[in-house]
Amino acid sequence: MSLNRLEQTLFSYWEKHPDELRHWQAKVAQVARDSSPPGELARSIERELWEHCVERSPHVPALRDQAGGLHRVSLLNLAEHIIRLWGSPPKPKKPASPSV
């Protein structure tokens, strides 16, 4: 998984701010319990991540520098990454019934 600079900056910011990290872990876990298809789930989280960047960038110099004047940047790779990290584990597949 390759993250762009803004995605990596945001992820690194969370590592230094445990309250924000816990918030996003809980949010992703809650949203991941939804039965939406994975693509819709990632796009939903991606929109929230962008809103978070817009809200935090005036207060966080590293985000402000990477946001490039808040030109819309895709955060979809980060959304997919955190869903894999913090989302619900996939449901196990039923084993194939043996042939008689």
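Phe11 and Trp14 are both buried, where buried means a relative accessible area under 20%, exposed means over 50%, and partly exposed covers what lies in between (1.4 Å probe, protein chains only). The two residues lie in helix H1, three residues apart, about one turn of the helix; helices here are DSSP runs of H or I with at least four residues, strands are runs of E with at least two, and both are numbered from the N terminus. This is a predicted model, in which local features need pLDDT of at least 70 and side-chain atom pairs count only at pLDDT 80 or more, while totals for chains, interfaces and linings use all residues. Residues are numbered from 1 along each chain as its sequence is written, and side-chain values use heavy atoms, with hydrogens and water left out.

A pair of aromatic rings is described by the distance of the centres and the angle of the planes. Rings of Phe, Tyr and Trp (for Trp, the six-membered ring) pair if their centres lie within 6.5 Å, and planes under 30 degrees apart count as stacked, over 60 as edge-to-face, and the rest as tilted. By this rule there are four aromatic pairs. One of them joins Phe11 and Trp14, which are edge-to-face at 6.2 Å centre to centre, with 65 degrees between the planes. Trp14 also pairs with Trp86, in a tilted arrangement with 5.9 Å between the centres and 50 degrees between the planes. This second pair links distant parts of the chain, since Trp14 belongs to helix H1 and Trp86 to helix H5, 72 residues apart. Trp14 has a relative accessible area of 0% and is buried, and Trp86, at 15% relative accessibility, counts as buried too. Together with Trp24, the residues Phe11, Trp14 and Trp86 form one aromatic cluster.

Trp24 leads on to helix H2, where Glu20, Trp24, Val28, Ala29, Val31 and Ala32 are buried. The buried residues of H2 pack against helix H1 (5-16), helix H3 (38-56) and helix H5 (76-86). Helix H2 itself runs over residues 18-32, and its end C-alpha atoms are 21 Å apart, which agrees with the 21 Å that its 15 residues should span at 1.5 Å a residue; the expected span is 1.5 Å times one less than the number of residues.

What sits over the ring of Trp24? The charged end of Lys27 does, 5.7 Å from the ring centre, where a charge sits over a ring if NZ of Lys or CZ of Arg is within 6 Å of the ring centre and within 35 degrees of the ring normal.

Side chains of opposite charge can pair when their charged atoms come close. A salt bridge is counted when a side-chain nitrogen of Lys or Arg is within 4 Å of a carboxyl oxygen of Asp or Glu, and a search of the whole structure finds five. In one of these, Lys27 is bridged to Glu48, with the closest N and O atoms 2.8 Å apart. Lys27 lies in helix H2 and Glu48 in helix H3, so the pair ties together parts that are 21 residues apart in sequence. Lys27 is partly exposed, with a relative accessible area of 23%, and Glu48 is partly exposed as well, at 24%.

Another salt bridge connects Arg72 and Glu46, whose closest N and O atoms are 3.0 Å apart. Arg72 counts as partly exposed at 46% relative accessibility, whereas Glu46, at 9%, counts as buried. Leaving aside neighbours within four places in sequence, Glu46 is in contact (heavy atoms within 4.5 Å) with Arg72, Val73, Ser74, Leu75, Leu76 and Ala79.

A further salt bridge is formed by Arg56 and Glu55, the closest N and O atoms being 3.8 Å apart. Salt bridges that share partners join Glu20, Glu55 and Arg56 into one network.

For the chain as a whole, the secondary structure comes to five helices and zero strands. Buried residues make up 33% of the 100 residues. Among contacts with a separation of 6 or more, residues 24 or more positions apart account for 79%.
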